[in-house]
Structures are given as structure tokens and as C-alpha cells.
Amino acid sequence: MRFTAVTAAVVGLLGAALLGTAAPAGATGAEAFSQGVEIAQPWLEDTATAPALDGDITIQQTAAGAIKWMSDRRGSTAYEGYCERAVRLAWARQTHHASAIEHWRSSDGARHTTGTPPKGAFVFWNTSQNGHVGIADGAGGFWSTSVGGKIGHGSSVGYFRNYLGWKYGNSN
């Protein structure tokens, strides 16, 4: 059986419904559910940022939206070791790459090795066999995982060693 985003969404909704109906030991009916409490469901993160469909047209993420996704998660350690996943979710991309270095080497966009990366561009480093990727802020800096051990902002692409270059960001 193939585990798809739809399957994950259904499982997550069923799980949330079951968790929402379970009351703590000794709770009365009025205490069984608190509307102000959200249940964390990190396994559904892919479906939370997937492009919405408007008729037959897929609504694409923007550079500003991708940067907002990253900045909204400033300080999070949830994506440490998963930089490629973080930028894919930030851009609501359909295309998956196994690693940042695979993304860099792929035919998925032209590689640029000079110039300031434009706002929303993927920026790449050769930091390990898997590489590293972030999202350019358009002013020479970037948003990424592993900035001080968490999602953060680096003021220069020189923050990490072995800068490779950039590719235009997109929701492909």
C-alpha cells in the first residue's frame, strides 16, 4: 500500500477526532475538550502546506510566502537534518529530492554560481555528502535549518562553508 498525503490526512483527522474525544481520567463532560488546545501532528506537516486547488488551477506559493513559512518557524529544531524537506514545505513543492546536494545536481532548475540570489531562491552549500539548502532573503542572506542549531536567518551565504550557488525557488 502506498502511503500518500491523502492517506496521511485521513489518518490524521481520524486520530485527531479520537484524541479530541478522549477525556483525561476523572474529567467531567465539560472538561473533556478544550477548544484552545491544538494537538501537534508533525506527521501531517506535508499536507498542511500543500498547494490548494482552486478549480483546475493549482495555487502556487510565492517567495514571500516561502520566507514567511521559514520565519514563522524561527527557533524550531523540528527540521534539523532535514533542510531539503524544510525548503520543500516552505515552497509547497510537489517535487521531492532525497537531499540538498541531489536537488543542486538535478535538472530541476538552472544552477547559478554568481550574483546575489533573488528573494525565495534555493541556496546551496557542499557541507557534507547530503549538502545543505536554504531560502534566499534577496539581500544576500538566507533562511535555513542549522543556523545555530535551529531554523534561523543568516545574514550572508558565507555563513556556511563551501557555498555552491542558487536556483530559482518554485512550487514545482
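Colleague: Where is Ser146 found?

Modeller: Ser146 belongs to the loop between E5 and E6. Helices (H or I, at least four residues) and strands (E, at least two) are DSSP runs, numbered from the N terminus. This is a predicted model, in which local features need pLDDT of at least 70 and side-chain atom pairs count only at pLDDT 80 or more, while totals for chains, interfaces and linings use all residues. Residues are numbered from 1 along each chain as its sequence is written, and side-chain values use heavy atoms, with hydrogens and water left out.

Colleague: Why is Ser146 called partly exposed?

Modeller: Buried means under 20% relative accessible area, exposed means over 50%, and partly exposed lies in between (1.4 Å probe, protein chains only). Ser146 has a relative accessible area of 25%, so it is partly exposed.

Colleague: What is the phi of Ser146?

Modeller: Phi of Ser146 is near 65°, a positive value in a residue other than glycine. Most residues other than glycine have a negative phi. Asn162, in the loop between E6 and E7, also has a positive phi, about 60°, although it is not a glycine. Ala92, which follows H4, has a positive phi near 55°.

Colleague: What makes H4 a mostly covered helix?

Modeller: H4 spans residues 83-91, and eight of its nine residues are buried. Among them are Val87, Arg88, Leu89 and Trp91.

Colleague: Which residues does Ile135 touch?

Modeller: Contact means heavy atoms within 4.5 Å. Leaving out residues up to four places away in sequence, Ile135 touches, among others, Ala66, Met70, Val87, Trp91, Val123 and Phe142.

Colleague: What makes E6 and E7 edge strands?

Modeller: Two strands pair if DSSP finds at least two bridges between them. Five strands form an open sheet with antiparallel pairing, in the order E6-E5-E4-E3-E7. E6 (152-154) and E7 (163-167) each pair on one side only, and they are the edge strands.

Colleague: How do you know that E5 and E6 pair?

Modeller: E5 (residues 142-144) and E6 share three bridges in the antiparallel sense, and the definition asks for at least two, so they pair. Trp143 stands opposite His153 in E6. H4 packs on the sheet, touching E3 and E4, and its direction makes about 30° with that of E4. Such angles run from 0 to 180 degrees between N-to-C directions of axes, which are lines fitted to C-alpha atoms, for helices over the stretch in contact.

Colleague: Why do the side chains of Asp72 and Lys68 count as a salt bridge?

Modeller: A salt bridge is a side-chain nitrogen of Lys or Arg within 4 Å of a carboxyl oxygen of Asp or Glu. The side chains of Asp72 and Lys68 meet at 2.7 Å, N to O, so the pair meets the cut-off. The two are four residues apart in helix H3, about one helical turn. Residues three or four places apart in an α-helix point the same way, because there are 3.6 residues a turn. Asp72, at 49% relative accessibility, counts as partly exposed, and so does Lys68, at 48%.

Colleague: Which parts does the pair of Asp108 and Arg93 tie together?

Modeller: The structure holds two salt bridges, and one of them joins Asp108 and Arg93 at 2.2 Å, N to O. Asp108 lies in the loop between H5 and E3, and Arg93 in the loop between H4 and H5, so the pair ties together parts 15 residues apart in sequence. Asp108 counts as buried at 16% relative accessibility. Arg93 is buried too, with a relative accessible area of 4%.
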